[in-house]
Amino acid sequence: MKIKKLELFKVPPRWLFLKVETDEGISGWGEPIVEGKADTVHAAVTEMGDYLIGKDPMRIEDIFQVLYRGGFYRGGPILSSAISGIEQALWDIKGKFYNAPIYDLLGGACRDKTRVYSWIGGDRPVDVGLAAKLQVENGFTALKMNATEELHYIDSIEKVDAAIARIAAVREAVGKGIGIGIDFHGRVHKSMAKVLVKELEPYKPMFIEEPVLPENNEALKEIARHTSCPIATGERMYTRWGFKELLAQGIVDIIQPDLSHAGGILETRKIAAMAEAYDVAIAPHCPLGPIALAACLQLDTCSPNAFIQEQSLGIHYNKGSDLLDYLKDPGVFEYKDGFVNNLTGPGLGIDVDEEKVRAAAAIGHQWRNPVWRQEDGTVAEW
Ligand SMILES: [Mg+2]
C-alpha cells in the first residue's frame with residue numbers, strides 16, 4: 001500500500017481536517033490543527049506531504065521518525081500538530097486495513113467506557129451555577145470551568161473573591177458528588193496562583209489546570225505546597241521530550257497532552273506510559289473536533305491511567321458547527337451517565353461525512369485567539 005494523496009479541509013468553527021488516501025482505496029482522517037493557526041499548520045502538513053507521497057502508510061513509527069527527527073528542527077506547536085494529524089490518519093488507515101479499532105492494535109481495551117467532562121461557562125465565567133446544574137441534568141458527572149478572567153502579576157482581593165464566589169456557587173449547585181475541574185488557563189501568575197489554590201481548597205476541585213504557563217512550570221512545585229488539590233497541565237506541551245522533565249520532577253498529578261498537538265496517538269500512548277511509571281494520570285486535552293476526540297478515545301481505551309476525557313460538545317468555541325456535525329453516525333459519541341462507550345468501528349471508529357466536510361470547507365473560517373489586556377493596557381494572557 002502506498003500513500004497517494006493528502007487533502008486538507010479548513011472547516012468551521014476553527015478546525016482543520018486531513019484526508020490521506022492510498023492506492024488501495026483505504027483512506028484515513030486526521031485533525032492537524034493549532035487553534036488560531038490553521039493556515040500555518042496547513043502549510044506544514046503540505047510540506048511534509050512531499051515526503052509522504054509513495055510511502056507505505058503502515059510504517060507509522062518510521063514516518064514519525066522521519067517527520068520529527070528528519071527535519072533537524074523539531075517540536076513546538078506547529079510541527080508537532082502537523083505530525084499529529086498525519087499520524088492519526090495513518091492509524092485510521094491501519095485500523096481499517098486490519099478491520100480493528102486502533103486500541104486493539106495498541107494492546108487492546110483495558111476499560112469498557114471512558115468518563116467525559118463538560119465545559120461550563122465561557123472564557124469569562126458568569127452564571128456558572130445554572131450552567132453546572134444543566135450539565136449535571138444532562139448526565140455529566142464532571143465539569144470544567146475557567147477560574148478567573150485576566151489577573152495581573154499582583155491583583156486585587158476583590159477579583160480573587162469573585163473567582164472563589166463563582167466556584168462556590170457551582171459546588172453548591174451540584175453538590176459533593178460532581179467533579180469540578182478548575183482551569184487557570186495559564187492566565188494566572190505564580191504570585192496569584194498561590195493565593196487562588198489556597199482559597200479554592202475548601203471547594204475540593206477535581207483538579208487545578210495550568211495554574212501557570214507551561215514555560216513557568218518550575219513554579220508548580222511552590223504552588224503545590226499551598227494545596228492538596230491535584231495539579232494538571234500539559235495541553236501546550238509536545239512529545240515525550242517535552243513531558244519528561246515535568247514527570248521526572250514529580251510535581252504534577254495529571255498530564256493533559258493533546259493528541260492533535262503532542263505528536264499523535266502512538267506518541268501520546270508513549271507519554272501516557274511514561275506518566276504511569278511516575279504514578280501520574282492522564283486526561284487528554286480536546287476542545288477540538290470529532291477526529292481529534294476519536295483519536296483521544298482510542299488512546300483512553302487502551303491506557304489504564306486515563307481517568308477522564310475532555311470533549312467539546314456545546315463548548316463556547318463551537319459557533320456555527322459543533323462536534324457531531326461532520327459525522328455520519330453521531331451516535332458513536334453518545335454520552336450516558338457521564339461516560340462514552342468504547343468506539344468499536346475500525347480505525348478511529350468514526351465515519352466522517354465527507355460531503356459535509358467539503359461543503360463546510362468552502363466556507364472555511366478565520367478563527368483567532370482573542371487579545372486581552374489588563375486595566376493598565378498591558379497584554380494579559382487569554
Ligand atoms: Mg486548559
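Phe 72 counts as exposed because its relative accessibility is 61%, above the 50% cut-off for that class. In this predicted model, Phe 72 belongs to a nonpolar surface patch, whereas strand E5 (residues 142-146) is mostly covered.

**Surface patch**
- Phe 72 lies in the loop that links helix H2 (60-69) to helix H3 (76-98).
- Together with Tyr 73 and Leu 79, Phe 72 forms a nonpolar patch on the surface.
- The accessible area of Phe 72, Tyr 73 and Leu 79 together is about 380 Å².

**Burial of strand E5**
- Five of the five residues of E5 are buried.
- In a regular strand, side chains alternate between the two faces of the sheet.
- Both faces of E5 are covered: one side carries the buried residues Ala 142, Lys 144 and Asn 146, and the other carries Leu 143 and Met 145, also buried.

**Strand pairing and crossover**
- Leu 143 in E5 has Ser 118 standing opposite.
- Asn 146 has Asp 183 in E6 as its bridge partner.
- From E5, the chain passes through helix H6 (residues 157-174) to reach E6, in a right-handed β-α-β crossover.

How values were computed. Residues numbered from 1 in each chain as written. Predicted model: local features only at pLDDT ≥ 70, side-chain atom pairs only at ≥ 80, totals over all residues. Heavy atoms only, no water. Buried < 20%, exposed > 50% of the residue type's maximum accessible area, 1.4 Å probe, protein only. Helix = DSSP H or I, 4+ residues; strand = E, 2+ residues; numbered from the N terminus. Pairing = 2+ DSSP bridges. Right-handed = clockwise from strand over helix to strand, strands pointing away. Patch = residues over 30% accessible without salt bridge, like charges linked within 9 Å, V, L, I, M, F, W, Y side chains within 5 Å. Areas by Shrake-Rupley, 256 points an atom, 1.4 Å probe, with all protein chains shown as cover. Salt bridge = Lys/Arg side-chain N within 4 Å of Asp/Glu carboxyl O.
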